[in-house]
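Me: I would like to go through how some labels in this model were assigned. Please set each value against its definition.

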Amino acid sequence: MMAVAAAQKNREMFAIKKSYSIENGYPSRRRSLVDDARFESLVVKQNKQTVLEEARSKANDASLEECIQQAKGEHVPAEQNVELQDAQPSLELPAEDEYAPVESFETEATIESRAEQPPADDEVPTKNDYGLTEDEIVLANAASESTEAEAAVQGAALVVRLKEGISSLGRILKAIETFHGTVQHVESRQSRVEGVDHDVLIKLEMTRGNLLQLIRSLRQSGSFSSMNLLAENNISVKAPWFPKHASELDNCNHLMTKYEPDLDMNHPGFADKVYRQRRKEIAEIAFAFKYGDPIPHINYTEVEVKTWRSVFRTVQDLAPKHACAEYRAAFQMLQDEQIFVEHRLPQLQEMSDFLRKNTGFSLRPAAGLLTARDFLASLAFRIFQSTQYVRHVNSPYHTPEPDTIHELLGHMPLLADPSFAQFSQEIGLASLGASDEEIEKLSTVYWFTVEFGLCKEHGQVKAYGAGLLSAYGELLHAISDKCEHRAFEPAATAVQPYQDQEYQPIYYVAESFEDAKDKFRRWVSTMSRPFEVRFNPHTERVEILDSVDKLDTLVHQMNTEILHLTNAIQKLRRPF
């Protein structure tokens with residue numbers, strides 16, 4: 001439990017903890033997941049910078065020993081100074097050719113991006129400035145929790161850039177020995193950075209307090225161009241926290257912005273006090289929701305039902321001609337189940353039951369628009385976080401933010417299609433543990449597919465994006481010759497600038513959902529996340545595939561499935 005609490009605390013250290021709206025700097029523009037992701041990255045970056053500056057200031061005002069209480073036991077006393085510059089290697093080192101030349105300890109891009117950048121003129125560290133990085137701040141905070149936490153053994157990886165050749169490695173190994181560390185693995189390669197002779201990767205185990213002192217000593221040496229702490233626990237000092245079970249989505253409800261009508265004069269409900277109060281009431285109902293609760297029932301007003309009826313009839317008219325076959329089939333199923341009827345709004349609970357029966361997806365009420373990271377994470381568990389409020393009656397065919405009509409008519413039919421549901425879940429799984437930059441890219445892919453995607457069907461272009469199927473104006477624009485259609489390629493789609501003021505000038509067309517999934521999987525395999533994840537439908541838990549034992553278990557499960565498949569094929573081949 002303490003480990004879980006610590007992981008959550010470390011995550012929240014740099015996380016958005018409150019709603020961000022216009023008054024907090026969010027741009028007053030049409031809402032989009034891509035804009036959310038970019039704004040979230042900016043705020044997180046600013047928060048990180050603030051925390052790092054505060055920590056560095058403390059490090060300059062007090063010694064490391066004063067910042068982190070000395071733990072009892074085998075920790076190195078503060079007065080025991082390790083002079084690396086003049087020390088001679090006392091360990092017998094292997095010959096230089098015994099160090100395996102590695103093309104990349106991580107990817108080249110990862111090493112380069114995580115390497116310390118030359119400080120600006122106003123940030124040149126003094127002898128007492130430890131140049132703490134985010135990883136080291138997290139490590140220092142973990143060590144400061146208690147004496148036991150400081151004395152806990154920590155797995156870590158250091159990347160050190162040597163200016164004076166491989167012989168400097170002996171000094172590092174001597175320092176690790178002095179601080180009672182154990183070296184697990186060493187690799188070296190010739191550096192591609194000008195002025196640096198070799199890059200060395202060292203995996204080690206050491207108490208947290210001693211690890212921080214080792215970093216300080218290495219930083220004070222003039223023999224090294226830079227020193228980076230990379231990791232803990234499977235090489236991850238700051239293993240990124242993300243939900244492993246659907247119940248943990250209770251902790252993933254950071255609102256990017258509620259886009260409350262009283263904050264924006266251009267909102268259709270800005271001058272309607274009754275509408276604003278209604279939005280607040282529905283938001284409070286969703287805020288109180290916890291995993292395992294039944295989805296709250298909303299008694300929609302006659303005005304809200306009228307708004308639903310207007311949009312429902314329009315979609316009903318346009319879908320047969322312009323929507324993809326999968327959408328049309330699911331729409332008909334929803335009508336047959338009497339969930340899609342014009343005289344009332346569907347309740348999220350009945351829609352959730354329908355989806356679970358068809359694809360295993362379920363719904364969870366959301367008080368507003370979540371951060372991109374939290375929204376995408378829910379998809380990994382086949383959970384779609386849906387709003388329950390209705391757009392203003394004066395603007396039935398346009399809303400500045402997605403409402404329940406957009407969710408119901410745009411997203412729900414395709415979430416009942418097995419192939420599309422799988423595609424949505426794979427986007428969610430790819431987001432778990434991803435960097436801020438990768439979250440932006442995933443959000444952009446989501447925007448151009450799930451929200452505004454087109455696909456081919458019998459030589460014609462059809463719509464499957466929720467933003468198109470619930471907004472007839474942009475739907476007609478998307479299938480016209482006034483815009484450009486490009487083949488869906490995730491690498492190109494992920495960096496395509498999007499339009500949030502007017503209709504999109506570019507739309508991406510998938511050959512099929514299966515083709516889109518195949519391309520997406522190949523693209524995700526190039527992401528920097530150093531582990532793979534899978535969703536276990538039996539336990540409803542996300543598993544991190546980071547050990548041989550876990551892979552072995554998965555292989556046994558797959559062998560069982562293959563056996564069933566083989567038996568089924570053999571029985572089909574038998575003559576009657």
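Me: Which residue in E12 does Glu484 stand opposite?
Reply: Glu484 stands opposite Ile506 in E12. The model is predicted, with pLDDT of at least 70 needed for local features and 80 or more for side-chain atom pairs, while totals for chains, interfaces and linings use all residues. Numbering starts from 1 along each chain as its sequence is written, and side-chain values use heavy atoms, without hydrogens and water.

Me: What makes E11 and E12 (residues 506-510) a pair?
Reply: Pairing requires that DSSP finds at least two bridges between two strands; E11 and E12 have four, in the parallel sense. Strands here are DSSP runs of E with at least two residues, and helices are runs of H or I with at least four, numbered from the N terminus.

Me: Why do E10 (460-463) and E11 (484-487) stand at the edges?
Reply: The open sheet has the order E10-E9-E12-E11, with mixed pairing. E10 and E11 each have a single partner strand, so one side of each lacks a neighbour in the sheet.

Me: Why are H12 and H14 called roughly parallel?
Reply: H12 (residues 348-358) and H14 (residues 404-415) pack at about 10 degrees. Angles run from 0 to 180 degrees between N-to-C directions, with axes fitted to C-alpha atoms over the stretch in contact. Under 35 degrees counts as roughly parallel, over 145 as roughly antiparallel, 65 to 115 as roughly perpendicular and the rest as oblique. H12 and H14 are therefore roughly parallel.

Me: Which H12 residues meet H14?
Reply: Leu348, Met351 and Leu355 meet Thr404, Leu408, Met412 and Leu415 in H14, contact being heavy atoms within 4.5 Å.
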